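Hi there,

Here is the structure I promised to send over. Have a look at it first, and then read on for my notes.

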Amino acid sequence: MAEIVKAAEAAVKTAGTKAKKPVKKAGGMKKPDPAAVIPEPRRKICFVGSECFPFIKTGGLGDVMYALPRALIRQNCDVRVIMPRYECIPEKFQRQMKFLGEFNMDLCADGREFYVGILESELDGIVYYFIDNQEFFSWGNPYTDLVKDIPKYCYFDKAVLAVLNYLEWIPDIIHCHDWQTGLVPVYLRTLFAGTPVGSAKSIITIHNLRFQGIYNVPTIQYWSGLPGYAFDYTTLKQGYEDASMFKGGLAYANLITTVSETYAEEIQTPFYGDGLDSHLRHHSGKLHGIVNGIDVEIWNPRTDSCLKTNYSYRTVLKKKREDKLALQKRLGLEENEDKFVIGLVSRLTDQKGLDLVNAVLAEFLDGNTQFVVLGTGEARYEDSFRGWASAHPESVSATIAYADDLSHQIYAGADAFLVPSLFEPCGLTQLIAMHYGTVPIVRETGGLKDTVMPYNEFTDEGNGFTFDRYEAGLLLDAVIRAKTVYFTERDRWNEIVVRDMKKDVSWENSARQYHDLYLQLT
Ligand code: ADP
Ligand code: GLC
């Protein structure tokens, strides 16, 4: 505790000055390569988000909250992460958390007070702060329904700034992620403007505009305790009687980023803008698209301990088949390396293009093809995939669960990987698939368009098979094109596999772009 306070004091003293030494020595951090260290003053960046691997992950946001800070450390940033201490974080992580302090914070319009506990954990050189309050964070899942989630994230957003003041660790930039952190930039410029943390700049990253934290104005105004002027049409107010927490964050943040260039364009149109397209057009001067990467240490087919056989781009053509056979065996499918195995790992929601899959799945099953799905989500999709699997047990497998190890085995064991999304801000699964030599079949939207170059049979270029309009027939056509190359031109297929494995899908490039934005802001 004393050590933390000292570190925090040091942080305050060096805030805003060109600090030569990192404020807090991160134990276990690998020694930076002197040649790789960038000579600018070290920026202090606070990541704020509602999920973060390995503590809690429901989708790609959790991956980004884990991997991007690591990549930013290599860009000479001091990054710390703040997230809720959910009761559903596995016990082994809970046990490693150290208690740093506690206080009461007024939250609501009537001054109702809530307990704020602060815990800390350090993992591979990154400091994580967890905000503790059992009233808000004791559900089995991070997200429940808006009736609970609106108060929960109003509380979290205000507590984040109160905790930074309490710890006296004042970042240069507070980097917020998705609607759950939407009120952080609003609080920063209103209730916290005159406090130490008020000197920080804020960035908000849109991972998915579909979810915004929309509720009626009186409820959000009550729970947030924010002043009335924050609820006009240019800030939080949305429609006749609602407020959108995301909209407020986008208005008040110094910069907005989203997770691909194409999605940055798309969300300024009515179809993809989810009611915020004109708001985003208004703020387009501060909107940037930076494509996600993947953590190539976690997602590494050469070392992945979930795989039966490890492989690299040099050995993939010989060894990947062993992972295919192991996958077929695990899932009870016919064990036959000549089958074309199509994988799908996804949240089962309407975002992911599953209606298209259901419409043409019968056509996939020509006796040479197997289909493997792993996911959880809406009952209608869970049930339909279960139905397909029980009708065709030798060629369709549906695992309705969240299973990290199986996901790795699908990325390695499948030949092709399906991502036919209606919209896809970035998408990580196609990146992971390519890194495992599994050829993506995707719809040309958002980050899918930016990361999967369509295969061109005349020039022999490209990483996968794509289709443009949201139509089942076009998805089927893309699958047939992929199968035709697989079954009739195996050499060309193999070239795509190797090309995909060699493609740079790491965070390095994109982390550099975030770093440039941080420098631009400070
Ligand atoms: P989104 O964030 O929209 O869900 P992404 O493609 O960005 O989509 O990220 C999804 C992440 O969640 C990937 O790491 C993927 O492997 C993982 N994932 C999704 N569903 C499951 C599941 N049922 N079991 C294991 N991992 C899953
Ligand atoms: C979201 C998006 C997904 C993106 C992920 C991480 O959940 O749906 O496309 O890859 O966030 O940014």
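This is a predicted model: local features need pLDDT of at least 70, side-chain atom pairs count only at pLDDT 80 or more; totals for chains, interfaces and linings use all residues.

The domain assignment divides the protein into domain 1 (42–293 + 510–521) and domain 2 (316–502). Their C-alpha centres are 33 Å apart, and the contact between them draws on 20 residues from domain 1 and 18 residues from domain 2. Together the two domains bury about 1500 Å², with 57% of that on carbon and sulfur atoms. On the domain 1 side, Arg210, Thr262 and Tyr272 account for 27% of the area buried against domain 2, more than any other three residues.

Now to ligand 1. Both domain 1 and domain 2 contribute residues to its shell, so ligand 1 lies between them. The shell has 21 residues, the closest being Gly60, Asp63, Arg347, Lys352 and Tyr411. By type, eight are nonpolar, eight polar and five charged.

A polar backbone atom of Ala401 sits 2.9 Å from a nitrogen atom of ligand 1. Of the 560 Å² of accessible area that ligand 1 has on its own, the protein covers 93%.

Which elements give two or more residues to the shell? They are α2 (60–73), β13 (340–348), β14 (369–377), α15 (404–413) and α16 (429–435), and β13 has the largest share, with three residues.

Best wishes

Technical notes. Residues are numbered from 1 along each chain as its sequence is written. Chains are lettered from A and ligands numbered from 1 in the order in which they are written. Side-chain values use heavy atoms; hydrogens and water are left out. A residue is near a molecule or strand if one of its heavy atoms lies within 4 Å of it. A polar contact is a pair of N or O atoms within 3.5 Å; within protein, one must be able to donate a hydrogen and the other to accept it, and residues adjacent in sequence count only if both atoms are side-chain atoms. Accessible areas come from the Shrake-Rupley method with a 1.4 Å probe; for residues, only the protein chains shown count as cover. Helices (H or I, at least four residues) and strands (E, at least two) are DSSP runs, numbered from the N terminus. Ala, Val, Leu, Ile, Met, Phe, Trp, Tyr, Cys and Pro count as nonpolar, Asp, Glu, Lys and Arg as charged, and the others, Gly among them, as polar. Domain bounds come from an automatic or database domain assignment. Contact means heavy atoms within 4.5 Å. Buried area is the accessible area (1.4 Å probe) that two parts lose on being put together, summed over both.
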